[in-house]
Amino acid sequence: MRLIRCRLESIRRHRALEVSFAPGLTLIGGANESGKSSLVEAMHRSLFLRASATGAAIRDLRSATHAGHPQVEIDFDAAGHRWSLLKCFSGAGGTSRLSRAGQEALLGGDAEDQLAVLLGVEEIIGSRQVNRVLPTRWAHLWVMQGLAGRNLLDLSGEHYDLKGLITALEGQAEQSLQSPMDQQVYNQLEQLVASSLTSRGVKQNSELWKRRQDVQQASEQQAEAQERLLSYEAACIELDANEQALDLLECRAPEVQKRRRQLLALKDLQQRLAPLRLQQTQWQQQLSALSRLIKEMQAAETAMKVLRQELGVMNESAETMSSTLVDQRRACEQLDRKRQALEERGHALRRRQDQERLEQRIQDRRRHKEQRDKFEQKQSLLKQQLVALPSRDASDLTALKAQQLQLRELEIRLQSMASRVELQSSDMTVRLDGEQLRIGDVAQRTGAFQLEVGDDVTLLVSPGEGTGLSALMAERTQCQSLFEQHLKLWGVSSLEAADAQLQTRTELQQQLAVLDAGLRQLIEQQQSNLKGDQDLEQLDQQLAELRQHPVDPEIAAQDDLAQALNDCRQTYQSVQEKLRSLRADYERAKAQQTDLSRKLQELRIRLESHVARHAQQLQQQHEIESRHGTAKTIDAEFKKVSHQCELLQNQLLELSGDCGLAAGADVERSLAELDDRELKFNRQRTDLNRERGSLLERCERLGGRELHAELEEASNRLEVAQHAEEQETQLVESRVLLLKRFQEARADLSRRYSSPLRSSINRFIAPFLQQPGDSSELRFDASDGLKDLRLQRSGQSLEFSQLSGGLKEQLNAAVRLAIAEALRDGHDGCLPLLFDDAFTNSDPSRLEAVGSMLRQAVDLGLQVVVLSCDPDPYREIADSVINLDHH
């Protein structure tokens, strides 16, 4: 299968989008939120989800900005033809259309069924299967965004088409390892095992099920015969035991009657003893209460005496403490007045000190301002002088000196080429350039000159053989003109004047720089002084406010205000510390007085409580004596009742010993137990008689049959049924074992052909391996499929979870490419693989190897679609590049 074209309408941010796929590698680029994942999800859902589906999967496709229902059109090659799929997801009324050239278009369910056949899936799923099945469809071919690092082989076989993969691997091995006869035997074994067993156990109505039913029926018949025989024997034994129990009950009846008489006598003694015990307890309680009351009254009198003594001592302490508190309060008030006077003096000294400092700051400000004005005036004057001078610098003077030097060199060269003419003797008139020479005259010429001798002879003399002289003179004239122009720019007539002018300019600049530095330093000082401070007007205003306060003559006469303020502060601190200490002592004494007052109040309350309790105890004593007499009278009554109780207790102990009961035993409970025992005996006698009649009936009924013969016959039938069941079980187990061996052989076949899959993975992952011995590893399980994807690197076997994020993405991609290569023969030799931002964790240096791996897959005939936010690394290997930012 190969994708050709896709068109979206009203899908999320896309109003209309059309994308054409290259047969090889298609690169789709675009920034985040440009709709790449929307394109992938729309194509995936249109291929595997019914158009009539509803729910979140369809709502998620709808556009919030464009009207209309989501619509997807996909053109693809499959089964030797080019197909066009059009789906409109409009809820339960959604439509689907599948067509190809030269054939009538299929609609609705027919289109969905044909699409399932073309894609190689069981069915196109509906709404109820979306969450469970949709993520598994083409999970081995299409890598959704964010899932590139997930281990594909850790998922179920549905995620990578395990059945199709095994079929492809077995198809490759069918000619060499599996014959048609093997397949026929395997199918027959499956039918035979299926006729006897199901996934839940033995199949109903099969031969094995019938044999086991026969065994169960025979076993039940044997158990019934065995039970009848055992029931007869047990009935005989129970009948003998019943008769013995009846005889034993008859023997126990006289003993029970005798015990009843003893318990009734014992009950009478207990009833006579109970009132006496009550009287004894009451007299004892009254005697104990009176004795306890007398002791409590004596203790209360002692406590009241002690409390009255403590109360007197504490009253004296309270009076002493009150007078001490008065003295301490007066001392505190005196020190506080002294502290206030010192505080007022300190404020006056501080105001005087602030006034002097403020006057000094105002003077400094004014002095700085005057100095700054002077600097600024001088700076302005220097700048005017500099402006009046030409704007020339040392480099210009150097150039001027170089020009003068060049002019001098030209002069020297011209002088070296000059001619000296001296007329020593002549009888004819000699003229030099028209001027007559006399004998002894000397003339010099630097250039060509004309010499006339007489009237007929004229000589033209050119120094230096006449070569270069004119050029040298022209150069000198040009240099002289340029030198004079530069002097004119300087405004001087000579180089010395220009040098003096530059020196004057330099001195002015230096003076201006010194002046600028001084002015800048002065400004910085003013700014540092003004930082967080007021301006001059505010300072004058503060000074005026300070001068409004009256000044103490003593403070005004102080020469050293700082020392006076320091002395005042020390004195104030000393007084403050004394006042704080005295107040602390006062507060402690006050707290002690409060505590003493509280203790006095508590003592008074305790004394009043004892007095009230003592009065109450006296009243209780009078009430007891008025009702029961004095303590002697109560003691005599108590001894009399105790003697009577002792006599009855001795009789009770003697009778309890005869009855076999403890001294404090409950007679009523013993009588109730005896009644229950007699009732139980009667019930047992009735039950035994009834049971005896039933046992006699059972023995007569069972004794009329041949029970041992029936048991032997049932055992024989069970043995025959068990033998038949064992034979059938062995036959079924042999079939199951043989089928298992066939399955193991077929699984071994798949395992053998997982080696090409591993080799294919190693071929794709080769650019990322470090050493020649590095390779991938995976295991095949007949029930679970492909498992345990690992990577052998540098002699270590690394689990998938131990790999880096980038290597997980690369190994996963290699696995998908290898699976697609194995499955492509069943899909017209091609399958489309899609990677949506699948290599975001890969290093930029490894993206070239990723491109090589994808290009290798394209060369094998697979179709690859890469979607990336950064498409630049894949441009060189792409057959087609699409930029969604331009759509």
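Aspartate 161 is partly exposed, with a relative accessible area of 28%. The model is predicted, so local features need pLDDT of at least 70 and side-chain atom pairs count only at pLDDT 80 or more, while totals for chains, interfaces and linings use all residues. Residues are numbered from 1 along each chain as its sequence is written, and side-chain values use heavy atoms, with hydrogens and water left out.

Aspartate 161 sits in the loop between β8 (142-143) and α5. Helices (H or I, at least four residues) and strands (E, at least two) are DSSP runs, numbered from the N terminus. Aspartate 161 is not a glycine, yet has a positive phi of about 50°. Most residues other than glycine have a negative phi. Aspartate 828 also has a positive phi, of about 60°, although it is not a glycine. Its place is the loop between α18 (805-823) and β20 (832-836). Aspartate 828 is partly exposed, with a relative accessible area of 49%.

Aspartate 161 also belongs to the lining of the largest pocket. A pocket is defined on a 1 Å grid over the protein atoms alone, as an open set of points where a 1.4 Å probe fits, with protein on both sides within 12 Å along at least five of seven lines; lining residues have an atom within 4 Å of a point. The lining has 24 residues, of which Glu122, Arg137, Glu158, Asp161 and Lys163 lie nearest the centre. The pocket holds about 650 Å³ of space. Grid points are joined across faces, edges and corners, and the volume is the space filled by probe spheres set on the points. Both α4 (130-133) and α5 (162-177) supply at least two lining residues each. The largest share, 4 residues, comes from α5.

β8 and β20 pair in the parallel sense over 2 bridges. Two strands pair if DSSP finds at least two bridges between them. Valine 143 stands opposite phenylalanine 835 in β20. β20 also pairs with strand β21 (residues 863-868), in the parallel sense, over 5 bridges. There, phenylalanine 835 stands opposite valine 866. In β20, 5 of the 5 residues are buried, so the strand is largely enclosed by the rest of the structure. Pro832, Leu834 and Asp836 point one way from β20, and Leu833 and Phe835 point the other way.

An open sheet of 6 strands has the order β2-β1-β4-β5-β6-β7, with antiparallel pairing. β2 (14-20) and β7 (103-107) stand at its edges with a single partner strand each, so one side of each lacks a neighbour in the sheet. Neighbouring strands are turned by 10° against each other on average, direction ignored. Axes are lines fitted to C-alpha atoms, for helices over the stretch in contact, and angles run from 0 to 180 degrees between N-to-C directions. Within the sheet, 6 bridges join β5 (residues 81-88) to the antiparallel strand β6 (residues 95-100). Lysine 87 stands opposite serine 96 in β6.

Contact means heavy atoms within 4.5 Å. Helix α3 (residues 108-119) lies across β4, β5, β6 and β7, running at about 55° to β6. α1 has 13 residues and reaches 19 Å from its first C-alpha to its last, close to the 18 Å expected at 1.5 Å a residue. The expected span is 1.5 Å times one less than the number of residues. Of the 13 residues of α1, 12 are buried, so the helix is largely enclosed by the rest of the structure. Among them are Leu39, Val40, Met43 and Phe48.

Two further buried sites were examined. Serine 196 is found in helix α6 (residues 180-196). Serine 196 is buried, with a relative accessible area of 4%. Leaving aside neighbours within four places in sequence, serine 196 is in contact with Gly201, Val202, Lys203, Ser206, Val732 and Arg735. Valine 492 lies in the loop between α9 (469-490) and α10 (495-530). Valine 492 is buried, with a relative accessible area of 17%.

Overall, the protein has 19 helices and 22 strands. Of its 887 residues, 36% count as buried.

Technical notes:
Buried < 20%, exposed > 50% of the residue type's maximum accessible area, 1.4 Å probe, protein only.
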